[in-house]
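Q: I have a structure open and would like to go through it. Can we start with what holds the side chains together?

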Amino acid sequence: MDRWDRVGRVAAYGAALALTPYLLIKVSWVVGSLLGLLPVGTGFGMAEWVVLNSATIGMAGIGITVALALVRPWGMRIPGAPLAFCAWVGTGFLVPVLPYAVLSSLLGSEDGDPKSGSDAGPSMPVWEAALIQIGFVGMGLGLAIALPTYLRRRWPDAFAGRLGDRGEGSPRAPLPWMVVVGVAVGLIWLYWAVGGTAGVAHRGERDLAWYVLSGVFGFWAFVASAATWAAVRGRPARMPRWCPMVLGWVGSGSLFAWSGWKLPFTLYLAVAQPADAALPENLALAAVLHLAAVGAGAAMLRALVLGPDQKNPGRRHPRYRKTQGLRRLGP
């Protein structure tokens with residue numbers, strides 16, 4: 001076991017440990033609400049509150065399992081595709097918003113209580129909010145460190161070398177559609193982040209967190225698009241392969257995970273139209289944006305895994321075939 005494996009081992013166990021309090025808190029919210037010991041969150045009925053928190057309980061459980069799979073021996077034996085997918089979604093959820101999560105936990109809200117978005121429970125004490133933030137930050141940092149070391153052990157050649165080693169893509173080929181969609185979605189989010197009002201239905205619902213997160217998601221949409229373009233084109237040829245792979249992995253995961261999480265809520269608000277809950281953006285436009293982001297993120301992941309020349313396998317030389325461990329996502 002070399003130095004990087006030891007660092008990854010500590011990070012994986014730390015991620016699992018950091019997210020455990022979040023899991024227990026969410027279980028207490030569900031049980032307490034069902035028993036009448038805790039009120040439900042503002043804007044939710046009993047059924048919606050239980051479903052929301054049950055979903056996050058499942059996500060937390062999967063996150064802890066994934067963190068342990070990155071370091072335990074059985075993690076090298078399970079099928080690669082489901083593990084890679086869960087790790088991709090987890091990094092997409094947490095890594096892009098780490099700076100925002102850390103800053104918001106340090107500054108807190110105007111009344112002194114840290115905010116945690118839709119995870120904020122009714123009358124949540126400060127210590128509980130702090131544990132939730134520690135869980136998010138700890139899991140995000142842990143995955144960011146442990147996942148590359150796992151991939152290095154399981155698919156050692158997948159990130160090695162430079163982009164030009166696998167054969168160059170056509171420099172005159174049209175931009176992949178997922179890159180165009182990613183840029184378009186990112187432009188809209190960045191437009192809102194700098195104060196644009198087109199497509200905003202409830203201007204009073206905008207707060208600092210909405211502006212900052214719109215900018216964060218827009219930035220990562222551009223990162224994912226640029227990384228996917230580089231990986232598919234095989235250019236710049238001298239760029240280390242790990243660079244667009246890592247950035248594309250995180251950026252495409254951000255598109256898929258966050259929009260996949262927000263799309264059901266957007267559709268719920270559009271259908272139920274509750275009086276005490278609203279989004280700043282137009283619901284129809286938001287639904288289209290999230291749907292486009294989910295599709296683009298998934299297509300970007302596929303493009304990153306397949307790499308350049310995915311439509312012309314006859315040009316793949318032995319060195320290219322040797323590095324296809326990640327493409328197969330197998331043992």
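A: A search of the whole structure finds one salt bridge, meaning a side-chain nitrogen of Lys or Arg within 4 Å of a carboxyl oxygen of Asp or Glu. This is a predicted model: local features need pLDDT of at least 70, side-chain atom pairs count only at pLDDT 80 or more, and totals for chains, interfaces and linings use all residues. Residues are numbered from 1 along each chain as its sequence is written, and side-chain values use heavy atoms, with hydrogens and water left out.

Q: Which side chains meet in that salt bridge?

A: Those of Arg153 and Asp5, at 3.5 Å from N to O. Arg153 lies in helix α5 (residues 126–154) and Asp5 in helix α1, so the pair ties together parts that are 148 residues apart in sequence. Helices here are DSSP runs of H or I with at least four residues, strands are E runs of at least two, and both are numbered from the N terminus.

Q: Is Asp5 buried or exposed?

A: Asp5 counts as buried, at 13% relative accessibility. Arg153 is partly exposed at 30%. Buried means under 20% relative accessible area, exposed over 50%, and partly exposed in between (1.4 Å probe, protein chains only).

Q: Back up a bit. How many helices and strands are there in the protein?

A: There are 11 helices and zero strands. Of the 331 residues, 46% count as buried.

Q: Take α6. Which residues in it are buried?

A: Met178, Val179, Gly182, Val185, Gly186, Trp189 and Trp192. Seen down the axis of α6, these buried residues fall within an arc of 150°, so they line one face of the helix. The arc is that of the directions from the helix axis to the C-beta atoms.

Q: Why would residues three or four places apart point the same way?

A: Because an α-helix has 3.6 residues a turn.

Q: And what covers the buried residues of α6?

A: The cover includes α7 (208–233), α8 (242–272) and α9 (283–306).

Q: What comes after α6?

A: Gly195 follows α6, and its phi is positive, near 105°.

Q: Now the surface. Which residues make the nonpolar surface patch?

A: Val27, Val31, Leu35, Leu37 and Leu38 make a patch of about 460 Å². Patches take residues with over 30% relative accessible area and no salt bridge; like charges are joined within 9 Å, and nonpolar side chains (Val, Leu, Ile, Met, Phe, Trp, Tyr) within 5 Å. The areas come from the Shrake-Rupley method with a 1.4 Å probe, and for residues only the protein chains shown count as cover.

Q: Where is Val27 found?

A: In helix α1 (residues 3–34). Val27 is partly exposed, with a relative accessible area of 34%.

Technical notes: Contact means heavy atoms within 4.5 Å.
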